[in-house]
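Work through the exercises below with the sequence and the three-dimensional view side by side. Try each task before you read its solution.

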Amino acid sequence: IQAIDGWVACQAIELIAENERAGRPLVLHVNLSAKSIGDPRLAALTESALAGAGIDPSRLVFELTETAAMANIEDAKAFAHRLRARGCRLALDNFGAGFGSFYYLKNLPFDYFKIDGDLIRDLAASHMDQLVVGAIVGIARGMGKKTIAEFVTDDETVLLLEKAGVDCAQGYHVGRPQPLRELLLSA
């Protein structure tokens with residue numbers, strides 16, 4: 001899996017560079033497996049690819065799941081600090097899914113909190129989910145971070161997310177998965 005994650009990171013860097021040369025700024029998020037977070041070779045490979053491509057590293061966002069960060073907090077901290085120092089950004093994926101969420105806010109330098117889809121899926125019907133989402137947004141804003149809601153499936157949810165102050169949405173209501181090159185050609 002580490003080899004796959006490395007390949008994906010390099011492909012993302014190449015796509016960002018290609019689009020930058022074409023005058024189309026592009027930001028890509030790359031999900032990483034738990035095993036890659038503790039692998040210093042991935043960080044070194046990423047640094048090398050970024051240097052070779054000459055892109056703005058902030059256009060590359062690595063997403064780490066809460067469970068992956070929890071598996072080895074020291075490796076996650078080292079990885080996060082190394083890539084942040086290089087200019088990459090980080091997102092804590094599935095935020096709110098586990099009890100350790102708030103611990104990571106203090107110990108890992110994330111730029112985005114991706115609100116877990118279980119809190120979004122029934123947002124319109126669940127006052128409790130609305131309260132939790134509002135609290136997450138409040139904490140993120142207080143820390144100068146952005147929020148992304150997962151699993152957005154309808155207009156009502158979009159309106160509730162806007163009301164709560166969520167910055168970005170992700171899900172089938174926003175767009176269905178499709179090959180990136182097709183998406184870029186239609187833009």
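Two strands pair if DSSP finds at least two bridges between them, where strands (E, at least two residues) and helices (H or I, at least four) are DSSP runs, numbered from the N terminus. The model is predicted, so local features need pLDDT of at least 70 and side-chain atom pairs count only at pLDDT 80 or more, whereas totals for chains, interfaces and linings use all residues. Residues are numbered from 1 along each chain as its sequence is written, and side-chain values use heavy atoms, with hydrogens and water left out.

**Exercise 1. The sheet**

Task: In which order do the six strands form the open sheet, and is the pairing parallel or antiparallel?

Solution. Start with the general idea that strands of a sheet pair through backbone hydrogen bonds, either parallel or antiparallel. Here the order is β1-β2-β3-β4-β5-β6, and the pairing is parallel. Next, look for the edges: β1 (28–31) and β6 (168–169) are the edge strands, each pairing on one side only. Helix α1 (residues 2–21) packs on the sheet, where it touches β1 and β2, and its direction makes about 180° with that of β1; such angles run from 0 to 180 degrees between N-to-C directions, with axes fitted as lines to C-alpha atoms, for helices over the stretch in contact.

Then follow the pairs one at a time. Four bridges hold β1 and β2 together in the parallel sense, and H29 has V61 in β2 as its bridge partner. From β2 to β3 (residues 89–95) there are five bridges; F62 is partnered by L90, while E63 stands opposite A91. Between β3 and β4 (residues 112–115) there are three bridges, again with parallel strands, and here F95 has I115 as its partner.

**Exercise 2. Covered and uncovered residues**

Task: Which residues of β1 lie on its covered face, and which on its uncovered one?

Solution. The covered face of β1 carries L28 and V30, and the uncovered face carries H29 and N31. To go further you need the word buried, which means under 20% relative accessible area, while exposed means over 50% and partly exposed lies in between (1.4 Å probe, protein chains only). By this rule five of the seven residues of β3 are buried, and that strand is mostly covered.

**Exercise 3. An aromatic pair and the core**

Task: Which two residues form the aromatic pair, and what are its distance and angle?

Solution. Rings of Phe, Tyr and Trp (its six-membered ring) pair if their centres lie within 6.5 Å, and planes under 30 degrees apart count as stacked, over 60 as edge-to-face and the rest as tilted. The structure holds one such pair. F62 and F79 form it, at 6.1 Å centre to centre and with 75° between the planes, and it is therefore edge-to-face. The pair links distant parts of the chain, as F62 is in strand β2 (residues 60–65) and F79 is in helix α5 (residues 73–86), 17 residues apart. Both F62 and F79 are buried.

Now widen the view to the nonpolar core, which is a set of buried Ala, Val, Leu, Ile, Met, Phe, Trp, Tyr and Cys residues joined through side-chain atoms within 4.5 Å. The largest one has 47 residues, and those with the most contacts inside it are L60, F62, F79, I115, V133 and L161. Helix α1 gives the most to this core, with six residues. In soluble globular proteins, nonpolar side chains tend to be buried together.

**Exercise 4. Two residues that touch**

Task: Why does T147 count as buried, and where is G165?

Solution. T147 is found in strand β5 (residues 146–149), and it counts as buried because its relative accessibility is 1%. G165 lies in the loop between α9 (155–164) and β6, and G165 is buried too, with a relative accessible area of 10%. For contacts, meaning heavy atoms within 4.5 Å, leave out residues up to four places away in sequence: G165 then touches V137, R141 and T147, while T147 touches several residues, including F113, I115, G165 and V166.
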